[in-house]
Structures are given as C-alpha cells and as structure tokens.
Amino acid sequence: MIFFLLVFCCVIVSLTAAVSAGTTQVHIARFAADNVTVINETTVTYQWMETNLPVMGDGKTHFYHQGPVFVDDADPAREEQLRWNAAEDKNVQEKDMGAVRGTNLKDLCDLVGGMAPGDVVKIKADDGFTKTFAYENIYTPPARQGPMVITWYHDVDGYVPEYRTGMRLVFFADNSTNPWGIHAFGNDDWRKSAASEYWYYYRQGDEKYPTTTGLSIQYVSDILIYSTNTTPGKPAHTTTAPVAAPTQAGISPFAIVCALTICGFFVNTMQKRE
C-alpha cells in the first residue's frame, strides 16, 4: 500500500509540474468556414521560431499591460471613463511583462495561409483557456496597441519552459500614451483599437473593470484561425516544422507539499486502521 501511495504521489507531482510549465511549441491551424475542415496546419517550436522568423523585442525594452483601475463615482458615465483611464497613469508600472522577446502572431498565422478581413483567431492555452481576436488587431494594429507577440523569452527567466508563464501573448504597444514614456498597453488603448466584443473586464460582483492584463494569455499552445473561406478545396494538408522535444520543467514546491500531504494523510489513515 505504501508503495502504491508513493507512486500515486509521484504521478500528482508530475502532472502538476506539467501544467505549470511554460509551453515550448505551438500548434497553428486554419479552418474553413464550417469551423471543422482544416485547410492547413503546422507545429513549430520556439527554437524554430527564433531561427526562421523575425524576432520581436531586444531583450532590454520592457513591455507593460494595465490592470483594473478600482475607482467609483456616483455618476455612471464618469465612473466608466475613470475606469478606462485614458491618462494611463494607474496600475501600469505594476504590470511589467518584462523585457520579453518573441514572434509576431501575424507571422505565425502566415505559416498556414494567413488571415483575411472577417476572419478571427482563437488563442488557446494548454489549460483550455481561450481568447478570440479579430483580423484587424493582428494584421493592421494601431501603434497604441502594437503587434501581438507570442513571447518565448524573458530577460530574467530566460527561454521557455524556464520562462514559466510563456509562451505568452504580449502586446508590444508604443510609448506614446502614458506619463512615463514606457511601452504600455493601456485599457483605453484597447478600447480605441478593438471592437467592443473583444474588450475584457475584471468582474467583481456587479462591477466590471476594464483591463488588458486579462488579454495576456499564458501557456499558449494553439493558434486557431477561423476563416470565411467557403471553398477549402483539397483535403487538409499538414506541414510540420522541426519539433524539438520539450524540456522538463522544474517541480514547484507547492506541488511537492501537496503530494507529501496527501501521502501523509493516507499513511496515517492506514496506521490507524491497523
């Protein structure tokens, strides 16, 4: 029984480590208008991206998103404006994404045929979380939004999987709309760059607060393009770029504590029964 429990604990630790590790490759697929038929797909590693596609970021310039602005006002209209925070001077410097490097989402989409106006792309994390974005924000982003970049390097952590929140979607906004002159992707930047259906809010009871940190998807594993192409033509064709075996990430202390606690509980229970 003790042997079984030890094996069980090892499995728990392994699964927890796998979930918390940064992703090292991404699957890209383009679907026809039926959202089922695959027109083209490929899988690429971060090593392949760095070698074969333009690299975004210099490893020195920091990029920021903006968190919720927790302010209230008796006037609903004024309250909304305060929360969008056009001045971009609240909860920004605290949301430093680091001096990250990565690959333009547009370049990754082009690997499977690209997008056209009316198409949307769903970015999926390996834990199942998804966010959907429009063609315009990927192919013709305004400077205040900047390119959408799948980052695989962090100046402190290094490459994924040591960069534990990577691959991560980060918006490389310009430095024109905040008082510090930093590259910050503010809440109002997104309001003025995207259709309202793509805005993101942090919700607290009946209150909702705009934020761009919620757009920064971590552990990106899939880029899924849903096109308006009604004539997919030939059966799905798959192109596969060289894929390196993922490196095992470190095991988190939390996972170890949880596993040992479970083991201790079961062992203690068995001793009491004896």
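Q: What's the average pLDDT of the protein chain?
A: This is a predicted model, and the chain averages a pLDDT of 85, with 77% of the residues scoring at least 70.

Q: Where does pLDDT stay under 50?
A: One stretch is residues 3-18, where the model has 17 contacts beyond four places in sequence. Another is residues 233-263, with 47 such contacts.

Q: OK, helix 3. Which of its residues are buried?
A: Glu79, Arg83 and Trp84, in a helix that spans residues 76-84. Looking down the axis of helix 3, those buried residues fall within an arc of 135°, so they line one face of the helix.

Q: And what covers them?
A: The cover includes helix 6 (187-191), plus strand 13 (201-204) and strand 14 (207-210).

Q: What caps the N-terminal end of helix 3?
A: Aspartate 75 does, with a side-chain oxygen 3.2 Å from the backbone nitrogen of alanine 77. After the helix comes asparagine 85, which has a positive phi, near 50°.

Q: Switching to the sheet: what's the strand order?
A: It's 5-4-12, an open sheet of 3 strands with mixed pairing. Strand 5 (96-98) and strand 12 (183-185) are at the edges with a single partner strand each, so one side of each has no neighbour in the sheet. The twist averages 30° from one strand to the next.

Q: How many bridges join strand 4 to strand 12?
A: 3, and the two strands run parallel.

Q: Which residue in strand 12 is opposite histidine 65?
A: That's phenylalanine 185.

How values were computed
Residues are numbered from 1 along each chain as its sequence is written. This is a predicted model: local features need pLDDT of at least 70, side-chain atom pairs count only at pLDDT 80 or more; totals for chains, interfaces and linings use all residues. Side-chain values use heavy atoms; hydrogens and water are left out. Buried means under 20% relative accessible area, exposed over 50%, partly exposed in between (1.4 Å probe, protein chains only). Helices (H or I, at least four residues) and strands (E, at least two) are DSSP runs, numbered from the N terminus. The arc is that of the directions from the helix axis to the C-beta atoms. Contact means heavy atoms within 4.5 Å. A polar contact is a pair of N or O atoms within 3.5 Å; within protein, one must be able to donate a hydrogen and the other to accept it, and residues adjacent in sequence count only if both atoms are side-chain atoms. pLDDT is the predictor's confidence in each residue, from 0 to 100. Two strands pair if DSSP finds at least two bridges between them. Axes are lines fitted to C-alpha atoms, for helices over the stretch in contact, and angles run from 0 to 180 degrees between N-to-C directions.
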